[in-house]
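Subject: A structure for you to look at

Hi,

I am handing a structure over to you today, and I hope you enjoy looking around in it. Please open it first and then read on.

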Amino acid sequence: MLGEAGLRLRQSVSDALFPKTCYACGNFIPVERRATGANPAELAGMPPKAAFYRVMHPYLCPACLTDYAPVDTPLCAKCGEPFKSRADADHLCGDCITHKKHFYRARACAVYDGALLNLIHAYKYQRRIGLAKPFGLLMYLEFIRHYSDADIDTVAAVPLHQRRLRSRGYNQTFLMIRRWPQMTRKNGISSSSRMGIDADMLVRRKNTATQTGLDRRTRIKNMKNAFVVKHPDRVAGKNVLLVDDVYTTGSTVEECARVLVRARAAGVFVLTLARAV
Ligand SMILES: [Zn+2]
Ligand SMILES: [Zn+2]
């Protein structure tokens with residue numbers, strides 16, 4: 001049984017974990033929120049919007065909880081860009097027809113907009129690292145949805161340059177995926193039971209400034225030779241899942257995929273939390 005001190009401690013831990021303001025918009029959250037402890041197998045059976053609601057409800061106000069647009073078909077079979085016309089079947093987008101991609105396909109949880117955009121900013125720039133766990137869970141559900149049959153051997157996060165890593169203190173993407181092997185072992189819902197996380201598969205040797213606002217050609221030029229494979233022996237013959245927070249033009253993950261394929265990766269798959277459209 002918990003004594004008074006224990007209860008107080010539990011309350012302060014709870015307050016720290018579930019503050020009363022919305023992580024996305026800063027508005028007051030009227031009802032006290034508790035984590036529901038939903039497990040991945042249960043969440044995987046839900047529609048993405050319902051799973052988002054369930055996973056994020058300790059962190060968001062009621063308006064932001066519904067301000068979420070999952071990426072859904074029809075989409076580009078290669079890069080995962082959602083199409084505006086809802087009547088089409090999946091097909092290749094113009095960019096994937098004209099520009100060869102080194103990854104097999106890229107998929108994302110939701111459109112980079114609304115509450116998710118604000119959450120990602122809070123996570124990266126306001127040190128809301130408590131979001132690593134729910135974000136990691138959302139991405140894991142998407143991994144099950146798209147890649148449970150892809151026979152993934154290794155998962156790697158797009159690396160930050162050493163200088164960026166030092167100033168931020170953490171690689172936001174790596175924090176999201178580091179619990180995946182435990183989740184896979186515990187739930188047995190992925191075919192990739194031997195899947196491991198490779199924390200330093202790639203090294204970023206160019207400290208590119210933010211790519212926001214740059215056109216496609218400039219982004220590609222900036223990214224050229226930005227990454228090197230640190231341990232080619234850990235890549236050769238492997239199916240690699242490359243994870244990043246946001247897919248904007250795809251130039252970052254494409255450059256990573258290019259060096260991984262050159263290091264003889266069997267296949268490169270991409271998953272991001274958000275997709276700019
Ligand atoms: Zn809100
Ligand atoms: Zn495409």
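First, some ground rules. This is a predicted model, in which local features need pLDDT of at least 70 and side-chain atom pairs count only at pLDDT 80 or more, while totals for chains, interfaces and linings use all residues. Residues are numbered from 1 along each chain as its sequence is written, and chains are lettered from A and ligands numbered from 1 in the order in which they are written.

The whole chain

The protein chain has 12 helices and seven strands; helices (H or I, at least four residues) and strands (E, at least two) are DSSP runs, numbered from the N terminus. Of its 277 residues, 38% count as buried. Buried here means that 20 or more other C-beta atoms lie within 10 Å of the residue's own; 12 or fewer makes a residue exposed, anything in between is partly exposed, and C-beta atoms are placed from the backbone. Among contacts (C-beta atoms, placed from the backbone, within 7 Å) between residues at least 6 apart in sequence, 73% join residues at least 24 apart.

The core

The largest nonpolar core holds 75 residues, and M139, L242 and L260 have the most contacts inside it. Such a core is a set of buried Ala, Val, Leu, Ile, Met, Phe, Trp, Tyr and Cys residues joined through C-beta atoms within 7 Å. Helix α7 contributes the most to this core, with nine residues. Beyond its neighbours within four places in sequence, L260 touches V229, V235, V240, A265 and V268, in the sense of contact given above.

The strands

Strands count as paired if DSSP finds at least two bridges between them. β6 and β7 pair in the parallel sense over eight bridges, with N239 of β6 facing G267 of β7 as its bridge partner. β7 also pairs with β1, again parallel, over six bridges; there, R105 has F269 as its partner. On β6, four bridges come from the parallel strand β2 (residues 154-157), and one of the bridge pairs is A156 with L242. Seven of the nine residues of β6 are buried, so this strand is largely enclosed by the rest of the structure. In β1, five of seven residues are buried.

Nine of the 12 residues of α12 are buried, so the helix is largely enclosed. The buried residues of α12 pack against β1, β4, α11, β5, β6 and β7. After α12 comes R264, with a positive phi near 70°.

Helix α6 (residues 114-125) also has 12 residues, and reaches 17 Å, close to the 16 Å expected. In α6, the buried residues are A115, L116, L119, I120, A122 and Y123. They cover an arc of only 160° around the axis, which puts them on the same side of α6; the arc is that of the directions from the helix axis to the C-beta atoms. These buried residues pack against α4, β1, α7, α9, β6 and β7. R127, which follows α6, has a positive phi near 55°.

Happy exploring!

Note on methods:
Two residues are in contact if their C-beta atoms, placed from the backbone, lie within 7 Å. The expected span of a helix is 1.5 Å times one less than its number of residues.
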